[in-house]
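Please examine the structure shown below together with its sequence.

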Amino acid sequence: MTIITVNKPGIITVSMRDELECTVGSVQTHIDKIDNNAFVWSVWVDRHVRRQGIATKLLIETERIVRLSGSAVISLHNGGGDRAEGLYRKLGFRYLRGDKHESMNIMIKEL
Ligand SMILES: CC(C)(COP(=O)(O)OP(=O)(O)OC[C@H]1O[C@@H](n2cnc3c(N)ncnc32)[C@H](O)[C@@H]1OP(=O)(O)O)[C@@H](O)C(=O)NCCC(=O)NCCS
């Protein structure tokens, strides 16, 4: 498996390719240069390779690039329920305020 990064102005795509060069997961992030904020708007891993740490690796690489871009905060909308929440919490994300309902499922991490 290989991580591929495409860093276009304003949008970072970090994806994982398997031995056949097929994309099996990706994380897409919008960078807001004015507010120094990064918003992850898509996290996806193909069903047949889930639970092997791919999303974790893609998010760690995304964080590294976001940090280099000068953003102080990374945020996302958890639309993936409890399993995605477990993924994000392990990486240090927390709900914006209080619980998920109060935060409208927005999670953040200060870098
Ligand atoms: C959520 C998703 C991205 C996780 O991808 P993944 O590569 O399987 O995640 P990882 O292997 O890196 O998992 C890291 C941790 O997340 C949590 N997690 C991931 N999948 C889980 C599941 N099915 N059930 C419970 N916890 C889960 C666990 O804490 C896991 O750590 P562990 O395996 O050591 O217990 C993947 O299931 C997916 O693409 N789902 C559909 C799209 C989606 O919901 N995206 C998120 C929208 S916000």
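The largest share of the shell around the ligand comes from helix H2, which gives five residues. A residue is near a molecule if its C-beta atom, placed from the backbone, lies within 6 Å of it. There are 18 residues around the ligand, and those that come nearest are Ala 55, Gly 80, Arg 83, Gly 86 and Leu 87. Two or more residues of the shell are given by each of strand E4 (37-45), helix H1 (54-69) and helix H2 (81-90). These names follow DSSP runs, numbered from the N terminus: helices are runs of H or I with at least four residues, and strands are runs of E with at least two. Sorted by class, the shell has seven nonpolar, seven polar and four charged residues. In this scheme Ala, Val, Leu, Ile, Met, Phe, Trp, Tyr, Cys and Pro count as nonpolar, Asp, Glu, Lys and Arg as charged, and the others, Gly among them, as polar.

The model is predicted: local features need pLDDT of at least 70, side-chain atom pairs count only at pLDDT 80 or more, and totals for chains, interfaces and linings use all residues. Residues are numbered from 1 along each chain as its sequence is written.

How well covered is H2 itself? Helix H2 is hardly covered, since the count of buried residues among its 10 residues is one. A residue is called buried if 20 or more other C-beta atoms lie within 10 Å of its own, exposed if 12 or fewer, and partly exposed in between, with C-beta atoms placed from the backbone. Ala 84 lies in H2, and it counts as partly exposed because it has 16 C-beta neighbours inside 10 Å. Ala 84 and Ala 55 are 29 residues apart in sequence, yet their C-alpha atoms are 9.5 Å apart in space. Just after H2, Gly 92 takes a positive phi of about 100 degrees.

We turn now to the fold. The protein has two helices and seven strands, and from the N terminus on its elements run β-β-β-β-α-β-α-β-β. Its radius of gyration, taken over C-alpha atoms, is 14 Å, close to the 13 Å that the globule rule gives for 111 residues, so the protein is as compact as a globular protein of that length. The globule rule is 2.2 Å times the number of residues to the power 0.38. Buried residues make up 23% of the 111 residues.

The seven strands form an open sheet with mixed pairing, in the order E1-E2-E3-E4-E5-E7-E6. Two strands pair if DSSP finds at least two bridges between them. The edge strands are E1 and strand E6 (94-95), each of which pairs on one side only. Helix H1 packs on this sheet, touching E1, E2, E3, E4 and strand E5 (73-77), and its direction makes about 25 degrees with that of E3. Here contact requires C-beta atoms, placed from the backbone, within 7 Å; axes are lines fitted to C-alpha atoms, for helices over the stretch in contact, and angles run from 0 to 180 degrees between N-to-C directions.

Individual pairs of strands show how the sheet is built. Strand E1 (residues 2-8) and strand E2 (residues 11-17) run antiparallel and are joined by seven bridges. Lys 8 has Ile 11 in E2 as its bridge partner. Two residues lie between the strands of this hairpin, in which Gly 10 takes a positive phi near 90 degrees. E2 and E3 also pair in the antiparallel sense, over seven bridges, whereas E4 and E5 pair in the parallel sense over four bridges. Ala 38 has Ile 74 in E5 as its bridge partner. On E5, Ile 74 and Leu 76 form a covered face, while Val 73, Ser 75 and His 77 form an uncovered one.

Finally, consider the loops. Most residues other than glycine have a negative phi. Which phi does Glu 21 have? Glu 21 has a positive phi of about 70 degrees although it is not a glycine. Glu 21 is placed in the loop between E2 and E3, and it is exposed because 8 other C-beta atoms lie within 10 Å. Arg 51 likewise has a positive phi, near 65 degrees, and its place is in the loop between E4 and H1. With 9 C-beta neighbours inside 10 Å, Arg 51 counts as exposed.

Conventions:
Contact = placed C-beta atoms within 7 Å.
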